[in-house]
Amino acid sequence: MFPELENKVVVITGAGSGIGKSFAENFGKAKSKVVLNYHSDKHLDEIDEIKTTITNAGGQAIAVQGDVAVESDVKNLVQSAVNEFGTLDIMINNAGFEKPIPTHEMSIDEWQKVIDINLTGAFIGSRKAVNQFLKEDKKGVIINTSSVHDVIPWPNYVNYAASKGGLKLMMETMSMEYAQYGIRINNISPGAVVTEHTREKFSDPDTRAETIEMIPAREIGEAQDVANAALFLASDLASYIHGTTIYVDGGMTNYPAFMGGKG
């Protein structure tokens, strides 16, 4: 669908599972050159499978281990892309973390871990990508994986909601700053999406029914739905889209409790 993405060099953080895995496979099908970032050795088998999928689809792939919250690791990630493929075209800051903890029980370390990965990690990745784009005088693309909780409060996840709310305004600010150079920076905010991490939760009938009540489309999304939005934002079809958040959420952000004219 997007021939212009063939041979484009794409860095994807948190590519070993979930939405990041779908991103990687989609760009592989587009015959891109994909740099797969992963954090833990436990993802090595999955990374090898993704590399094979990308290669079989006609793309290319390398894997680079690193912590997105560590500046030197992100520098190595981008430099590895440049060393292997000669350039950087698309940076996808996807790595994220969440864990429910009541706010009054949340330690500073628990707060900081989520902020470091979800917000600071995206900042480091975006800053490094912008520097590479400016160095090459390139109209590059940055896509961040956010969440519907950049606008919807989420009790017991105050660190997560704060990180995603911050990510939204960070993206908008950076977009305003660098649009003049042709650098496009946007967010994708998924709602309830089935991945290997959430499949068990959504297989519970009560949880599934409760979740569907919050979605006007009355269905839970798939990781592929989010990955499709990333391909679009990276493509030439989105060449005039700057500083925008695309909500892939079945309408969750449209106040479904008011459906049917209630209230």
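**View 1. The side chains of Asp 89 and Lys 138 form a salt bridge, with N and O 2.8 Å apart.** A salt bridge is counted when a side-chain nitrogen of Lys or Arg lies within 4 Å of a carboxyl oxygen of Asp or Glu. The model is predicted: local features need pLDDT of at least 70, side-chain atom pairs count only at pLDDT 80 or more, and totals for chains, interfaces and linings use all residues. Residues are numbered from 1 along each chain as its sequence is written, and side-chain values use heavy atoms, with hydrogens and water left out. Asp 89 sits in the loop between H3 and strand S4 (90–93), and Lys 138 in the loop between H4 and strand S5 (141–145). The two residues are 49 residues apart and link distant parts of the chain. Helices (H or I, at least four residues) and strands (E, at least two) are DSSP runs, numbered from the N terminus. Asp 89 is buried, at a relative accessible area of 9%. Buried stands for under 20% relative accessible area, exposed for over 50%, and partly exposed for values in between, with a 1.4 Å probe and protein chains only. A network of salt bridges links Asp 89, Glu 136 and Lys 138.

**View 2. Lys 33, in strand S2 (residues 33–38), is buried without a salt bridge.** The nearest side chain of opposite charge belongs to Asp 89, 7.9 Å away. For charge, Lys and Arg count as positive and Asp and Glu as negative, while His and the chain ends are not counted. Apart from neighbours within four places in sequence, Lys 33 is in contact with Asn 7, Lys 8, Val 9, Val 10, Gln 60 and Phe 85. Contact here requires heavy atoms within 4.5 Å.

**View 3. Helix H3 (residues 71–85) and helix H4 (residues 108–136) cross at roughly 40 degrees, their axes coming within 10 Å.** H3 is therefore oblique to H4. Axes are lines fitted to C-alpha atoms, for helices over the stretch in contact, and angles run from 0 to 180 degrees between N-to-C directions. Angles under 35 degrees count as roughly parallel, over 145 as roughly antiparallel, 65 to 115 as roughly perpendicular and the rest as oblique. The crossing of H3 past H4 is right-handed. That term applies if the near helix is turned clockwise from the far one by less than a right angle, and left-handed if anticlockwise. On the H3 side the residues that meet H4 are Glu 71, Val 74, Lys 75, Val 78 and Val 82; their partners in H4 are Ile 124, Gly 125, Arg 127, Lys 128 and Gln 132.

**View 4. Arg 127 and Glu 71 form a salt bridge, with their closest N and O atoms 2.2 Å apart.** Arg 127 belongs to helix H4 and Glu 71 to helix H3, so the pair ties together parts 56 residues apart in sequence. Both residues are partly exposed: Arg 127 has a relative accessible area of 32%, and Glu 71 has 48% relative accessibility. The whole structure holds four salt bridges.

**View 5. H4 and H5 pack at an angle of about 15 degrees, with axes 8 Å apart.** H4 is therefore roughly parallel to H5. H4 passes H5 in a right-handed crossing. Residues making the contact include Trp 111, Ile 115, Phe 123 and Arg 127 of H4, and Tyr 160, Leu 167, Met 170 and Tyr 178 of H5.

**View 6. Glu 172 and Lys 168, both in helix H5 (residues 158–178), form a salt bridge.** The closest N and O atoms are 2.7 Å apart. The two residues are four residues apart, about one turn of the helix. Glu 172 is partly exposed at 25% relative accessibility, as is Lys 168, with a relative accessible area of 21%.
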